Amino acid sequence: MKVTIDNITLEVEQGTTIMQAARQIGPEIAPPAMCYYEPLKASGGKCRGCLVKVTAGSEKDPRPMPKLVPACLTQVQDGMIVENTINEEVLETRRGIVEFLLLNHPLDCPVCDQAGECHLQDFSFEHGVSNTRTAEERNTFEPTDLGPNIQLHMNRCILCYRCVYTADQITDGRVHGVMNRGDHAEISTYIGKAIDNDFSGNIIDVCPVGALTDKTYRFKSRVWFSKPVEAHCDCEKCSGQVTLWYKGDEVIRVTGRKNQWGEVKEFICNTCRFDRKKTAEWTIDGPTQISRHSVISANKYGANLIQPAFPISQAARDYKLINDDRDRSFLTDQIKLEAKK
Amino acid sequence: MKILTEHIDVPGIETIDVFCKHGGYQAVEKAIKKMTPDEVTEEVKKSGLRGRGGAGFPVGMKWSFLAKPEGVPRYLVCNADESEPGTFKDHYLMWKSPHTLIEGMIVSSFALGANTSYIYVRGELMYVIHILEKAIQEAYDKGYLGKNILGSGYDLDLYIQPGGGAYICGEETALLESLEGKRGNPRIKPPFPAVKGVWQCPTVVNNVESIAATSWIINHGGEAYAAIGVGRSTGTKLISASGHIRKPGVYEIPLGITVEDFIYSDEWCGGIRDGHKLKAVVAGGSSVPILSAEMILNTVDGEKRLMTYESLSDGGFATGTMLGSGGFIVMDETTCIVHNTLTFARFYHHESCGQCSPCREGTGWMDKVIYRIEHGKGRKEDIDLLVDVAKKIEGNTICPLGDAAAWPVAAAIRHFRDEFEWHIEHPELAIQPGAVYMRPGASWAQ
């Protein structure tokens with residue numbers, strides 16, 4: 001089947017979604033995904049970050065679709081024409097989505113463990129606006145412990161439901177879900193129960209923001225100061241294929257291996273994640289491939305090698321154009337005034 | 001012309017004996033004994049009956065979209081989760097005359113080939129649920145429900161499911177989730193309920209009033225029903241009239257009377273309460289755009305606006321509104337539109353399910369901004385902010401609740417922008433209890 005996304009035509013199999021087709025082209029074309037997670041069934045459609053414009057439904061019926069459609073759920077038809085980054089309506093809507101997601105999100109990136117590998121940071125950097133229009137107080141929640149190793153910061157949660165699907169699909173017994181409605185909805189375990197099974201740690205990996213944190217890693221380091229290394233071990237519960245995060249000679253964190261889109265390739269067990277933190281327990285496979293413009297690769301391989309991606313360079317260029325009060329020093333104003341006198 | 005409420009004031013109509021004495025259950029006899037399911041569907045198609053829940057989609061068409069794979073059961077679900085502010089017609093019908101609904105359910109289920117049907121009733125209406133359950137038991141005893149109805153070999157079981165008290169469960173896919181015992185989150189469409197509905201089987205979800213009207217259509221024929229009304233708006237409609245009118249209540253009107261008639265004639269609302277005059281009308285339940293007095297009475301072309309689907313939406317959202325579910329809220333000069341919009345925005349903020357981000361965050365944001373304006377803390381840019389937020393919610397959500405939340409706010413600003421501006425410019429006056437902005441030249445007296 002033929003599909004055209006942002007004027008690039010490619011052949012895909014039947015049943016492919018627009019998101020999967022766009023990902024085949026590359027990260028410049030792929031719509032952002034805050035809730036869609038390919039390994040999890042039924043995920044997607046919630047954040048509305050991947051809304052795209054379909055200007056022609058199919059070869060047979062070339063009418064445009066009346067509304068923007070979620071790329072993660074809409075299957076491509078033969079001859080479909082999709083506009084993603086070249087459509088102003090889509091970009092405007094995405095600006096709105098970023099604004100909505102950040103509305104009740106505390107901007108505590110400086111103390112958040114996820115900073116540097118946060119999907120919401122990337123999303124708002126690439127698609128958001130630099131000023132805020134809200135004067136309202138944010139909804140707040142208290143951090144809660146989900147079992148001995150996981151802490152939930154509901155303030156940061158964007159209700160993508162990824163952890164709910166993870167808990168439903170890879171672990172037994174349904175204890176993890178959403179309570180309440182609307183913007184006071186919260187992720188919770190069944191009446192404050194701990195999540196107690198061998199694969200519960202994976203909900204940390206799937207979280208796109210810093211809402212679910214690893215208590216063995218909290219506040220130990222910033223992501224960009226640690227160095228990821230692929231490793232494996234013989235584990236009777238899981239595949240044992242992990243990424244070790246080193247700070248100096250010390251393993252400070254163990255996560256699953258993630259692909260280009262931040263999706264876990266194989267879920268790992270809690271023993272690997274929380275208990276095996278000595279180099280001697282692992283066989284090192286080699287360094288993890290990190291995209292060059294990721295902040296994780298910064299300061300490691302020579303600064304001049306890092307080429308900013310297009311949206312980043314554009315954002316840097318546009319930044320000066322924005323009339324931001326914070327740019328104007330109160331001193332410069334005074335000097336100008338005095339010069340006038 | 002009365003169809004659904006013809007015998008509603010007869011004492012004892014809630015019992016099956018009195019109901020049968022007034023022509024009840026004849027449609028069941030006629031449909032099951034003399035007609036095939038396809039003939040029933042055809043008759044409903046001919047009648048031009050449109051969904052009475054709000055969207056106005058033709059019922060017969062919806063029925064014919066139902067997937068009919070071999071060996072898979074089909075279901076009919078009656079949406080009695082009427083929770084739209086301003087709408088109380090289904091409540092009235094089920095409470096006064098439960099058998100009207102049950103008769104329609106049997107006829108409709110027969111047409112769709114459903115052997116199990118559900119009535120999903122709003123949880124707050126517990127006493128109505130008791131009335132319905134009693135009525136269903138009577139129908140079982142008389143042989144209109146159960147195995148082998150009237151010796152025809154057709155089986156039907158009818159169940160009642162009380163809702164848990166959420167507005168969102170009136171959305172058809174959220175209703176099905178709730179019916180299955182899950183959290184009432186709307187499903188992502190497609191697949192539509194006609195293909196994969198309750199228990200992943202083909203399902204039709206219809207409003208109480210649509211289903212109740214089918215039995216009259218079977219009795220009198222589709223053409224007789226289509227003869228009432230104007231154009232594509234056929235038949236009668238229950239309107240729940242509320243607000244500053246002399247005679248609030250539920251009225252059954254033939255579609256096609258003028259709005260002016262409906263508000264001022266003694267047969268219906270009886271005019272605005274003494275000494276006041278009409279300011280604004282919300283014509284179809286809280287989620288449709290509000291219109292000012294001039295706009296609701298006449299269209300832009302200067303014609304009198306009629307109580308029909310087409311005439312009320314004449315001019316699009318720029319100058320029109322929608323018939324919706326028929327919750328007709330009338331407001332006189334003493335109503336503060338900002339306060340009214342705040343009430344609606346607060347409702348949608350409370351009822352958003354929280355699944356998709358534009359609705360979850362946007363409804364809360366609009367509520368908070370309007371709250372500030374109403375309480376004298378508005379900023380000049382807030383009005384444009386509200387318009388922009390409403391625009392970004394509309395059409396970008398999983399289910400229509402996002403649209404329903406955005407429309408009233410956008411329309412209130414579109415038609416009553418001066419009132420919002422007054423609240424921002426004169427906070428000291430706006431925070432006075434009962435303060436209402438008067439347009440220059442407007443007066444309280446009629």
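Into which domains does the domain assignment divide chain B? The assignment gives domain 1 (16-227), domain 2 (232-332) and domain 3 (337-430). The model is predicted. Chain A, for its part, is divided into domain 1 (2-98) and domain 2 (220-305). The two chains touch, with 25 residues of chain A in contact with 24 residues of chain B.

**Interface between the chains**

- On the chain A side, 25 residues make contact, and on the chain B side 24 residues do.
- Helix H2 (residues 88-103) of chain A contributes the most to the side of chain A that touches chain B, giving 6 residues.
- Sorted by class, this side of chain A holds 12 nonpolar, 6 polar and 7 charged residues.

**Chain A overall**

- Chain A contains 8 helices and 14 strands.
- Its radius of gyration is 22 Å, close to the 20 Å that the globule rule gives for 341 residues, so chain A is as compact as a globular protein of that length.
- Along the principal axes, the C-alpha atoms of chain A fill a box of roughly 70 × 70 × 45 Å.
- Of the 341 residues in chain A, 36% are buried.
- Among contacts in chain A with a separation of 6 or more, 63% are between residues 24 or more positions apart.

**Domains of chain A**

- The C-alpha centres of domain 1 of chain A and domain 2 of chain A are 31 Å apart.
- Their contact involves 6 residues from domain 1 of chain A and 4 residues from domain 2 of chain A.
- The side of domain 1 of chain A that touches domain 2 of chain A is made up of 4 nonpolar and 2 charged residues, with no polar residues.

**Chain B overall**

- Chain B contains 19 helices and 11 strands.
- The radius of gyration of chain B is 22 Å, which agrees with the value near 22 Å for a compact globule of 446 residues.
- The box filled by the C-alpha atoms of chain B is roughly 75 × 45 × 40 Å along the principal axes.
- Buried residues account for 55% of the 446 residues of chain B.
- Counting contacts in chain B between residues at least 6 apart in sequence, 71% join residues at least 24 apart.

**Domains 1 and 3 of chain B**

- The C-alpha centres of domain 1 of chain B and domain 3 of chain B lie 35 Å apart.
- In the contact between them, 10 residues of domain 1 of chain B meet 8 residues of domain 3 of chain B.
- By class, the side of domain 1 of chain B that touches domain 3 of chain B comprises 7 nonpolar, 2 polar and 1 charged residues.

**A five-stranded sheet in chain B**

- In chain B, 5 strands form an open sheet with mixed pairing, in the order S8-S7-S11-S9-S10.
- Strand S8 (249-254) and strand S10 (290-292) of chain B are the edge strands, each pairing on one side only.
- Neighbouring strands of this sheet are turned by 30° against each other on average, direction ignored.
- Strand S7 (residues 236-243) and strand S11 (residues 327-332) of chain B run parallel and are joined by 4 bridges.
- S9(B) and S11(B) run antiparallel, also with 4 bridges, and B:Leu278 has B:Asp332 in S11(B) as its bridge partner.
- S9(B) pairs with S10(B) in the antiparallel sense over 3 bridges, with B:Ala280 opposite B:Ser292 in S10(B).
- Strand S9 (residues 278-282) of chain B is largely enclosed by the rest of the structure, because 5 of its 5 residues are buried.

**B:Ser240 within the sheet**

- B:Ser240 is in strand S7 of chain B, and its bridge partner in S11(B) is B:Gly327.
- B:Ser240 has 24 other C-beta atoms within 10 Å and therefore counts as buried, the cut-off being 20 or more.
- Leaving aside neighbours within four places in sequence, the contacts of B:Ser240 include B:Gly86, B:Thr87, B:Phe88 and B:Lys89.
- Also among the contacts of B:Ser240 are B:Val250, B:Gly326, B:Gly327 and B:Phe328.
- B:Ser240 and B:Ala283 are separated by 43 residues in sequence and by 9.8 Å in space, C-alpha to C-alpha.

Definitions and conventions: Residues numbered from 1 in each chain as written. Chains lettered and ligands numbered in written order. Predicted model: local features only at pLDDT ≥ 70, side-chain atom pairs only at ≥ 80, totals over all residues. Contact = placed C-beta atoms within 7 Å. Helix = DSSP H or I, 4+ residues; strand = E, 2+ residues; numbered from the N terminus. Nonpolar A, V, L, I, M, F, W, Y, C, P; charged D, E, K, R; others polar. Domains from an automatic or database assignment. Rg over C-alpha atoms; globule rule 2.2 N^0.38 Å. Buried ≥ 20, exposed ≤ 12 C-beta atoms within 10 Å, placed from the backbone. Pairing = 2+ DSSP bridges. Axes fitted to C-alpha atoms, helices over the stretch in contact; angles between N-to-C directions.
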